[in-house]
Amino acid sequence: LTGTYTVFGSTAPILVDANGISQTMGAANDVIGILAFNFATTNFTYGLTVKTVGESFILAGGGNVSAGNPTFFSNNSQSGVISLGATCSNGGCSPGLQANRLVQGAFFGPKGERIGLQYGFDVQSLSGTVYGTVVLK
């Protein structure tokens, strides 16, 4: 029993620098992608393309549902971020959420028909972390 969720809305990505100053790095509703969830094993895989000013980033990987909270999930170490330009070459990008996560989220609505997903990745050349949120259905 599996389900595939598609992004239908997103916040504009923001960059938060080392001093805590944030700036918008793109436009709302510019993230595209999917998340496939296996309800039998509680594992998921995802692929998101985050467009920012002058660059696009691909976030991809997998993970599983939290044992302590069956509606919350996060990625594991199999996840990664690459850039379509040179921004992430030579290890220039890495997961930026707590506990070295690239994404985390939860199911919402009757029968889990929506997913709220947060992403965050450090970008060495920008001296900061890019954050954003997507909604999938």
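Guide: Let us begin with L117, which counts as buried because its relative accessibility is 1%. Buried means under 20% relative accessible area, exposed means over 50%, and partly exposed lies in between (1.4 Å probe, protein chains only). Please note that this is a predicted model, in which local features need pLDDT of at least 70 and side-chain atom pairs count only at pLDDT 80 or more, while totals for chains, interfaces and linings use all residues. Residues are numbered from 1 along each chain as its sequence is written, and side-chain values use heavy atoms, with hydrogens and water left out.

Visitor: In which strand is L117 found?

Guide: Strands (E, at least two residues) and helices (H or I, at least four) are DSSP runs, numbered from the N terminus. L117 is found in strand β11, which covers residues 114–123.

Visitor: Which residues is L117 in contact with, leaving aside its neighbours within four places in sequence?

Guide: Contact means heavy atoms within 4.5 Å. With those neighbours left aside, L117 is in contact with L35, L48, F73, V103, Q104, G105, G132, T133, V134 and L136. A separation between C-alpha atoms is another way to relate two residues: for L117 and V7, which are 110 residues apart along the chain, it is 9.6 Å.

Visitor: Is R114 buried, partly exposed or exposed?

Guide: R114 is partly exposed, because its relative accessible area is 32%. R114 is also found in strand β11. Not counting residues up to four places away in sequence, R114 touches Y5, F8, A106, F107, F108, V135, L136 and K137.

Visitor: Where is T52 found, and which residues does T52 touch?

Guide: T52 is found in strand β5 (residues 43–52). T52 counts as buried because its relative accessibility is 11%. Residues up to four places away in sequence not being counted, T52 touches P13, M25, G26 and F57.

Visitor: How many aromatic pairs does the count come to?

Guide: Rings of Phe, Tyr and Trp (its six-membered ring) pair if their centres lie within 6.5 Å; planes under 30 degrees apart count as stacked, over 60 as edge-to-face and the rest as tilted. By this rule the count comes to 7 aromatic pairs. One of them joins Y5 and F107: the ring centres are 6.0 Å apart and the planes lie at 55°, so the pair is tilted. This pair links distant parts of the chain, since Y5 is in strand β1 (residues 2–10) and F107 is in strand β10 (residues 103–108), 102 residues apart.

Visitor: What kind of aromatic pair do F37 and F107 form?

Guide: F37 and F107 form an edge-to-face pair, with 4.9 Å from centre to centre and 85° between the planes. Distant parts of the chain are linked here too, for F37 is in strand β4 (residues 32–38) and F107 is in strand β10, 70 residues apart. F37 is buried, with a relative accessible area of 3%, and F107 counts as buried at 13%. Y5, F37, F39 and F107 form one aromatic cluster.

Visitor: Which charged end sits over the ring of F8?

Guide: A charge sits over a ring if NZ of Lys or CZ of Arg is within 6 Å of the ring centre and within 35 degrees of the ring normal. Here the charged end of K137 sits over the ring of F8, 4.9 Å from its centre.

Visitor: Which residues does a disulfide join?

Guide: A disulfide is a pair of cysteine sulfur atoms within 2.5 Å. The structure holds 1 disulfide, and C88 is joined to C93 with an S to S distance of 1.9 Å. The link of C88 and C93 is left-handed, with -80° about the S-S bond. C88 is buried at a relative accessible area of 11%, and C93 is buried with 11%.

Visitor: How many helices and strands does the protein chain have?

Guide: The secondary structure of the protein chain comes to 0 helices and 12 strands. Of its 137 residues, 41% count as buried.
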